[in-house]
Structures are given as C-alpha cells and as structure tokens.
Amino acid sequence: MKKVSLVLLGLSLLFVGGATSANADEGEITAVPYGELKSVDNLQNDDLESEETITQNERAVAIAPSVTYRTHIQNIGWQGWKKNAQVAGTSGQAKRLEAIELKVKDSPYSGDIQYSTHIQNIGWQGWKKSGQVSGTSGQAKRLEAIRIKLTGELGRRYDVFYRVHAQNFGWMGWEKGGIPAGTSKFAYRLEAIEVKLVPKKNYFTINKSAKTSYRDNTKVAGELDAKKLKVPNKYLDNGLKLFKNSKSVINFAEKELNDVNRKTIGYQTYQLRRNLKTIGYTVDFYYPY
C-alpha cells in the first residue's frame with residue numbers, strides 16, 4: 001500500500017479563503033471549511049511491476065497498444081473511428097449517444113478490452129468486447145453511463161482511462177478499471193466520450209482538480225433540496241448534494257471514502273451560510289488520478 005501526502009491539497013481547495021457571492025437578491029453565500037481534511041490510504045500496490053520495468057518491456061517489443069472507438073449518435077448514425085483520447089460524439093448539439101464499439105490495436109499481449117453501457121429503460125447491458133456493439137440502434141434510447149476494463153496480460157500492464165460528456169454536467173472526471181462513468185437516475189444522455197490507454201503504475205498522487213466521474217441522483221439520508229433553497233451547483237462542487245446537518249454530510253462522505261469501487265482518497269466538508277444563517281453542509285471529494 002502506498003501512503004498519500006495531502007499537505008499541498010489545501011492550496012487548491014475550491015473554497016479557500018471563505019466567501020463567494022451569489023445573486024445579491026438571495027444574499028451572500030459563504031462556504032467555510034468544517035472540520036479537518038479527511039483522507040484514507042486506499043491506493044493499492046497490486047504487486048505491479050514498476051513503471052520503469054514496464055516501459056523497458058514496451059521498448060523491447062517496440063509496439064505499444066492503442067485503443068480505437070466509435071459511437072452511434074442520434075440523427076447521425078455511426079461516426080468515424082477515434083483513438084487515444086480523441087473525442088467521439090458531439091458537444092453543444094443535444095444529441096444522445098446510442099451505442100459504442102471499442103477495439104485495442106497493435107497489442108503484443110493476451111487479453112481484451114471489455115465494456116458495458118447503461119441504457120435508457122434497459123439498465124446495464126452485458127459485457128461486450130473487441131469491436132462488438134454495446135447499446136442499441138433504431139430504438140431512440142440514450143446511453144447514460146459506461147464502464148470499460150482490460151483483461152489478461154494487457155490489463156496487467158495497462159490501464160484504460162475514460163471520461164464522458166453528460167447532459168447538464170459537461171465533461172466529467174476520468175475513470176478507469178471498469179468503474180462506471182456517467183449518471184444514474186437523472187435521465188441524462190451521454191453526448192461524447194474520450195478513451196485512452198496508459199501504462200500501469202501505482203497511483204500515489206492526487207489530481208486536486210479532478211471532477212467526479214459518476215453522479216447518482218438517489219436521495220440519501222439528511223439530503224436537502226438545493227434548488228428549493230436556491231443554492232447553485234457551483235457551491236456543491238463534486239458532491240452536488242446539500243445536507244441539513246454535519247452528521248448527515250459526514251455519513252455520506254465516509255461512505256464514499258470507504259467505497260473500494262469509487263477510488264475516493266480524501267474529502268473536505270463545508271458549512272454553507274447565507275449572510276449569517278447556516279443553510280446546510282456539503283463536501284468536496286479528491287481522487288488519485
């Protein structure tokens with residue numbers, strides 16, 4: 001297990017210094033750190049070869065695998081093949097992704113790329129691999145989330161990273177290793193995706209500006225309706241949830257922090273005030289990518 005240093009994390013906090021103003025008619029909103037920054041060591045070594053060893057091996061075979069992918073888009077159909085973090089899909093056109101195909105090219109290793117999509121009114125479809133279609137065609141159903149993973153020796157040497165552009169959220173955070181990226185219970189469409197292969201390494205640093213890769217609209221204990229309270233999403237940052245008291249927000253944050261499937265590595269809770277009145281609590285999460 002790798003230990004994570006969070007000493008510099010405070011330098012990039014969204015709410016450093018305290019106050020930020022909302023619409024003057026609603027009064028000033030201030031986000032004040034509540035409690036200490038909390039972190040946990042959940043980054044795994046997995047007995048991997050070092051980056052240097054893998055890099056040397058890649059030089060030895062003189063071939064590095066790459067990922068290619070294409071999407072089926074509302075009113076457009078199948079778009080051309082993209083590769084290595086190029087954008088597949090559209091932005092600003094309000095068009096849903098309906099299906100996707102992915103392949104790995106030039107791989108000297110055993111193993112496949114596998115992927116599964118969450119489809120409107122269907123849910124999670126079974127795993128597909130190596131150019132098979134995941135999603136639907138001619139049914140006018142949106143993709144809402146996706147998960148992608150590598151298998152075999154390929155998966156031992158490489159990670160597949162992916163991020164999606166989701167309706168009303170825009171570009172979300174990078175995810176990897178079969179963990180969902182997208183949304184659930186919002187009825188929001190995926191509009192675009194980027195995918196890339198990265199040589200496997202031990203993740204022991206934090207991307208302090210990383211966004212959440214997956215949003216679930218399920219209500220949790222103690223959650224308030226931020227819209228009714230006229231609290232903009234920008235004050236809720238990665239959590240996008242507002243809670244009535246500190247106990248509720250900490251319970252929510254601890255559950256995320258200890259979820260081995262989400263890779264959250266730290267959080268900071270905040271008290272939100274309008275003028276001098278407390279209107280709720282929120283949380284900002286941090287990730288190791």
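**Aromatic pairs, salt bridges and a pocket**

Me: How many aromatic pairs does the structure hold?

Reply: The structure holds seven aromatic pairs. One of them is formed by Tyr34 and Tyr281, which sit edge-to-face with 5.2 Å from centre to centre and 80 degrees between the planes. This pair links distant parts of the chain, 247 residues apart: Tyr34 is in the loop between strand S2 (29-33) and S3, and Tyr281 is in strand S23 (residues 277-286). Rings of Phe, Tyr and Trp (its six-membered ring) count as a pair if their centres lie within 6.5 Å; planes under 30 degrees apart are stacked, over 60 edge-to-face, and the rest tilted.

Me: What kind of model is this, and how are residues numbered?

Reply: This is a predicted model, in which local features need pLDDT of at least 70 and side-chain atom pairs count only at pLDDT 80 or more, while totals for chains, interfaces and linings use all residues. Residues are numbered from 1 along each chain as its sequence is written, and side-chain values use heavy atoms, with hydrogens and water left out.

Me: How are the rings of Phe169 and Tyr188 placed?

Reply: The ring centres of Phe169 and Tyr188 are 5.7 Å apart and their planes stand at 70 degrees, so this pair is edge-to-face. It too links distant parts of the chain, 19 residues apart: Phe169 is in the loop between strand S14 (158-166) and strand S15 (170-171), and Tyr188 in the loop between strand S17 (181-184) and strand S18 (190-199). Tyr188 counts as buried at 17% relative accessibility.

Me: Which residues form an aromatic cluster?

Reply: Phe243, Phe252, Tyr267 and Phe285 form one aromatic cluster.

Me: New topic. How many salt bridges are there?

Reply: There are 13 salt bridges in the structure, each being a side-chain nitrogen of Lys or Arg within 4 Å of a carboxyl oxygen of Asp or Glu. Among them is the one between Lys38 and Glu254, whose closest N and O atoms are 2.6 Å apart.

Me: What does that one tie together?

Reply: Lys38 is in strand S3 (residues 38-39) and Glu254 in helix H3, so the pair ties together parts that are 216 residues apart in sequence. Lys38 is partly exposed at 34% relative accessibility, and Glu254 is partly exposed with a relative accessible area of 22%.

Me: Which residue does Arg189 meet in a salt bridge?

Reply: The side chain of Arg189 meets that of Glu191 at 2.8 Å, N to O. Arg189 counts as buried at 17% relative accessibility, and Glu191 is buried at 6%.

Me: What about Glu223?

Reply: Glu223 forms a salt bridge with Lys219, the closest N and O atoms being 3.6 Å apart. Lys219 is exposed, with a relative accessible area of 56%. Elsewhere, Glu153, Arg156 and Arg157 are linked in a network of salt bridges.

Me: Which strands pair with S8?

Reply: Strand S4 (residues 66-73) pairs with strand S8 (residues 97-105) in the antiparallel sense over eight bridges, and Ser66 has Lys105 of S8 as its bridge partner. Strand S12 (residues 134-135) pairs with S8 in the antiparallel sense over two bridges, with Gly135 in S12 as the bridge partner of Ala99. Two strands pair if DSSP finds at least two bridges between them.

Me: Last one: how much space lies in the largest pocket?

Reply: The largest pocket holds about 990 Å³ of space. Its lining has 41 residues, and Phe186, Arg215, Asp216, Asn217 and Lys241 lie nearest its centre. Strand S19 (214-216), strand S20 (223-224), strand S21 (242-243) and helix H3 (246-257) are the elements that give two or more residues to this lining. The largest share, five residues, comes from H3. A pocket is an open set of points on a 1 Å grid over the protein atoms alone, where a 1.4 Å probe fits, with protein on both sides within 12 Å along at least five of seven lines; lining residues have an atom within 4 Å of a point. The volume is the space filled by probe spheres set on the points, which are joined across faces, edges and corners.

Technical notes: Helices (H or I, at least four residues) and strands (E, at least two) are DSSP runs, numbered from the N terminus. Buried means under 20% relative accessible area, exposed over 50%, partly exposed in between (1.4 Å probe, protein chains only).
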